[in-house]
Amino acid sequence: MVQEQAPQNVSLQFEDVHQQNESYIVGMWTFLVTEIMFFGAVFATYLVYRVANHTAFWEAHLRLDIPLGFINTCVLLTSSLTMALTVHYAQRQMPKQQLLWLSVTMALAMAFLVVKGFEYHHKYVEGLIPGPNFRFEPAEYFRPAQLFFSLYFAMTGLHALHVLIGVLVMAVMAVLIAIRHSSVQDFIPVELVGLYWHFVDIVWIFLFPLLYLIPR
Amino acid sequence: MSVTVAKPGEVRHNYLNAGDTVLSWLLTTDHKRIAILYLVSVSFFFLVGGLLAGLIRLELLTPQGDLMTSENYNRVFTMHGVVMIFLFLIPVIPAVLGNFLVPLMVGARDLAFPRLNLASWYLYMAGGLIATWAMVTGGVDTGWTFYPPYSSSYSTSQVTLTIIGAFIIGFSSIATGINFIVTIHKMRAPGLTWFRLPLFIWAHYATSVIIVLGTPVVAITLLLVVAERVFRLGIFDPALGGDPILFQHLFWFYSHPAVYIMVLPAMGVISEVVSCFSRKRVFGYHFVAFSSVAIAVIGFLVWGHHMFTTGQSVYAGMVFSLLSFLVAVPSAVKVFNWTATMYKGTIDLRAPLLYVMGFIGLFVIGGLTGLFLAALATDVHLQDTYFVVAHFHYIMVGGTILGYMAGLHFWWPKITGRMYPEGIAKLTALVIFAGFNLTFLPQFVLGFLGMPRRYHWYPEEWQMLHVMSTAGAFLLGIGFILPVFYLLWSLRTGALAGPNPWGATGLEWKVDSPPITHNFEQTPIVTEEPYAYDNHHEPEEVFSGTGASTTKR
């Protein structure tokens, strides 16, 4: 619900705040379409190779840490809830609750990155980083397993980069809300960050089963 | 048709005299000024790409490689391709004419995201300079297509930096696409319904959809090539477990639609110009509008026709072949409708219309020869020959560049407030048309005889055709140099244009030339169909604004 007397910060090119908000939302969705195509290309690449090397990919995926992946899935799903709460309080113009839930979302996002960091470290210790130090048994699956881990790092790395960008954007947003900056008095900026964050979560919802839960 | 002359002694405020420091240009968020920034930069890169084309044609004068080594020849044609495609053809019409005209045509004060628009120019310049620097210092010899494993594992040239440059330029294109989509959806003036939009806008909308859906795919694909090159990740190199054909699928998923990114905006220009100088509505407006969308949609389903000889499944080949034939339908709809627009029209044979007629002729040849390549059997013979080279130059030079020239002349009075000199402009249009055909018609023959592309040694008996082609290229070069001089000359000495020198319809002609910084004194209200030439017979000042003041909000 938009408050009747929401402070209006309308850029010169727009007729009114209504047109501005709608433009922002359409712009964000269009941007998310480009993101879907961006991730979609890597997903497609992965699926092509997984179909071609099913057994090897299955063997390789056993080296992933399913419990940690599951924890991260729960962390990100919860962060989607807290982000929804942030938007909810932004719409009701309640900056304190907004700040609280935004901070929780950031904390969860960082928790995700920490867990991901541990996972990457384990892979490094086990010699699963593609390149000259890559080791994999049984040897017949060496090449496709290296392909699997190349794609694993490309996909999760790209996703982690998006999480990191999300944290930075949320940090800026939190500061703006804390100092009651005029640009965040309307709820639309928070909603835009929310849209982006839900997208990042959804990407993980696809990544987790694709990489961690390969059927035999 | 006479030129409307503004009252003497009166200096009106406009976007050009709104600030004259360098910083006022480099930090501008005015879509019109950003269009000028793009105009200067794409012209620069066009010059670079053109000089490289000149080098290629010089080398091909003789059957032996006597101007450069094979390695250098590879570098020169690669750089010609990269510069022309990524830095000139893809941005040229959307970023110059589209940037200038989309807000004016929809009756908005600017694009939805002016700062994003400026950022797109900086990304373009950064990517362009990185790629050019890489190619000048180390050269790239992979061809503009960057096929792995050559580009990822074997080439010793500056592939990584060039690809990073192309990657950055991709984001500039995405920024422009998002801006156009939002502006066209949300910022149309009251009364400007979808079917009252100029066809230029429809074309740019379809183009933006392709940019938004296609560019990210090529961006990530090129990034994977870099990852393979730098970290030895092994995604496309068969020696590392990958599949090089997958790269080709992903690459052409963008790069075939990219052809429509190049040609659809030109088609938008053609619709505007043909209607104005025929004094008629565009024949079958709805069909022309939807054919743009149809080309954008079908264009995404035909990429496999670049890969008939790579060993993809025959059934896939048949489907791709059939779908490629289908693209001919909306393309033909446009050509027939433009021709029908001119039929029984009151033709005013100005330079832009000459370019349009050139476009229609060359696009038909380019399109029909495309059918040879879309057919499975003939493509096996013609794949990677000069037939392909001639075919895509007919679409890209004959289509896109002629469309751009038509648009640049048509809107020159709007952009600068001055008329270009008509006589020499017409002459130039004829020179370009003649030079173009002399360059590329012989290449169809060469290709059919078996001359492969990307080679600079060839049998003696083909020399005559190559000499014709080189002669044509220099005529074409003269044709592209001339406008630089007479258009710059017109900035000082051209007749003052007045708001609407062509008596054209469309919102952009209802404001001053050049327009004020925020385009409209009041938000216009649209009450009529587009191209209502039945209602306006003579060029006139339909609405020239109320004076020198800029409305501030």
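**Cavity and interface**

Reply: In the lining of the largest cavity, α6(B) has the largest share, seven residues. Helices here are DSSP runs (H or I, at least four residues), numbered from the N terminus. The model is predicted: local features need pLDDT of at least 70, side-chain atom pairs count only at pLDDT 80 or more, and totals for chains, interfaces and linings use all residues. Residues are numbered from 1 along each chain as its sequence is written, chains are lettered from A in the order in which they are written, and side-chain values use heavy atoms, without hydrogens and water.

Me: What classes of residue make up the lining of the largest cavity?

Reply: The lining of the largest cavity holds 15 nonpolar, five polar and no charged residues; Ala, Val, Leu, Ile, Met, Phe, Trp, Tyr, Cys and Pro count as nonpolar, Asp, Glu, Lys and Arg as charged, and the others as polar.

Me: How many residues of chain B are in contact with chain A?

Reply: Contact means heavy atoms within 4.5 Å. By that rule, 37 residues of chain B meet 29 residues of chain A.

Me: Which residue of chain A forms a salt bridge with Lys186(B)?

Reply: A salt bridge is a side-chain nitrogen of Lys or Arg within 4 Å of a carboxyl oxygen of Asp or Glu. The partner of Lys186(B) is Glu22(A), with the closest N and O atoms 3.1 Å apart. Between chain B and chain A the count is two salt bridges.

Key. Helices (H or I, at least four residues) and strands (E, at least two) are DSSP runs, numbered from the N terminus.
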